[in-house]
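Work through the exercises below with the sequence and the model at hand. Each task is followed by a solution in steps.

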Amino acid sequence: MNVNLKHVWIVFKKELKDAFRDRKSLLVGIIMPMLFIPVIFIIASVAAKSAYEVKPEKTPICVVGKEYSKTVVNMIEKSEFQIVDSKDPKKELLDGKIKAILIIPKDFEKLISQEKQTSIQILTNDADMKSSSVGSMLSEMINNFSREVVKQRLEQKNLDPSIIEPIVIKKENVAPPKKQSATLLAFLIPMFLTLWAALGGMNAAIDITAGEKERGTLEPLLTTAATRTSLVTGKYLAVSIMALLAGLSSLIGIVVSFVALPSVLGENFKNSPFASYSISPVTVLIMLLVVFLTAIIFAAIEVAIAAYARSFKEGQTYLSPVSIIVVIPPYLTMYKMPNELTDTYFVLPLVNAISILKELIYDIVNLQHLGLFVISSLVYIVMSIKFAAKMFENEKVLFRN
């Protein structure tokens with residue numbers, strides 16, 4: 001490979017200058033990731049809160065057969081749920097107009113007074129998360145009432161109520177708040193970082209290859225003293241810089257989200273699923289390494305594919321599947337906990353970056369996995385650069401009709 005560093009530097013400066021002249025690409029590729037990620041976090045915080053939060057005083061439920069038990073009705077009224085009348089409660093439940101239906105049987109009070117078993121039916125719409133939460137709250141309320149009835153019966157017979165409950169379950173969640181927050185973040189952050197790092201140089205890659213063919217400026221460039229290896233190296237480095245800036249911008253957006261959102265959202269952020277999460281400097285540094293390696297791998301692949309295209313539009317068509325491929329690995333690891341990720345995950349292309357980022361979100365720095373990721377990424381970098389150089393040196397590919 002005959003590389004002249006002076007020629008590489010000239011081509012690199014020229015391509016980078018052209019890329020920075022395109023203000024629309026700069027806005028989409030570099031400025032937007034920085035703004036997009038905090039906005040997504042704010043939307044996710046507000047959406048998560050509104051999806052699960054139930055305010056009884058604003059939640060309508062329907063009680064069918066409320067005339068059969070004043071005790072149950074009084075208990076629900078004390079809980080401040082709005083009891084509403086409905087001609088077709090099941091339809092209104094499916095339509096989301098009411099959040100639950102509680103059905104009291106006709107002989108409810110009679111069977112209770114006779115110390116016999118009876119039942120209360122609770123209908124919910126589990127496609128609606130609030131309806132599901134209301135169902136759980138009503139179940140807990142009825143269970144408490146049932147335990148109280150049993151206690152009264154036993155006390156009337158001079159029996160200790162604890163004899164029917166020999167084992168009391170004490171459930172405790174041992175996961176620290178930060179790890180609970182990590183569940184959602186372990187999907188979002190790896191996807192955002194790899195997406196912007198992988199696609200950040202796409203427009204520049206198309207413009208400096210297919211775009212130049214379309215404008216008719218590639219042929220004169222090839223007649224200069226610079227070798228094709230020098231030309232493709234300069235172009236590749238310019239695309240890598242654009243991809244790196246996009247990845248860096250998304251990383252800044254993530255850091256800003258955790259630093260600025262608590263003060264911007266105030267009390268609203270306290271109930272957010274991200275409220276207990278913080279990001280350490282070591283995590284940021286390793287994320288930067290992941291962004292760097294991912295960006296330069298995809299920069300070479302995009303230059304190689306775009307070199308095959310005859311026009312900017314054709315280049316966009318060829319590279320569109322790359323944006324779909326990039327979002328698949330986050331879903332492959334979505335339901336995996338860090339301890340379930342085997343060594344294979346840390347050597348597969350792109351999956352290795354997602355897996356390392358997932359571990360980082362859970363505050364895990366595994367040197368063996370990090371080593372596998374770096375070594376495998378270096379292999380992919382060499383392969384992708386060779387691929388790009390081969391495409392650029394092949395005239396049948398470069399000037400095909």
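The model is predicted, so local features need pLDDT of at least 70 and side-chain atom pairs count only at pLDDT 80 or more, while totals for chains, interfaces and linings use all residues. Residues are numbered from 1 along each chain as its sequence is written, and side-chain values use heavy atoms, with hydrogens and water left out.

**Exercise 1.** State how many salt bridges the structure holds.

Solution. Start with the criterion: a side-chain nitrogen of Lys or Arg lies within 4 Å of a carboxyl oxygen of Asp or Glu. The structure holds 13 salt bridges.

**Exercise 2.** Find which residues form salt bridges with Asp18, and where they lie.

Solution. Step one: Lys14 is a partner, with 3.7 Å between the closest N and O atoms. Step two: Arg21 also pairs with Asp18, at 3.0 Å from N to O. Step three: Lys14 and Asp18 are four residues apart in helix α1 (residues 5-21), about one turn of the helix. Helices here are DSSP runs of H or I with at least four residues, numbered from the N terminus. Arg21 and Asp18 lie three residues apart in helix α1, again about one turn.

**Exercise 3.** Decide whether Arg310 and Glu314, which meet in a salt bridge, are buried, partly exposed or exposed.

Solution. Step one: buried means under 20% relative accessible area, exposed over 50%, and partly exposed in between (1.4 Å probe, protein chains only). Step two: Arg310 has 38% and is partly exposed. Step three: Glu314 has 16% and is buried. The N to O distance of this pair is 3.4 Å.

Definitions and conventions
Helices (H or I, at least four residues) and strands (E, at least two) are DSSP runs, numbered from the N terminus.
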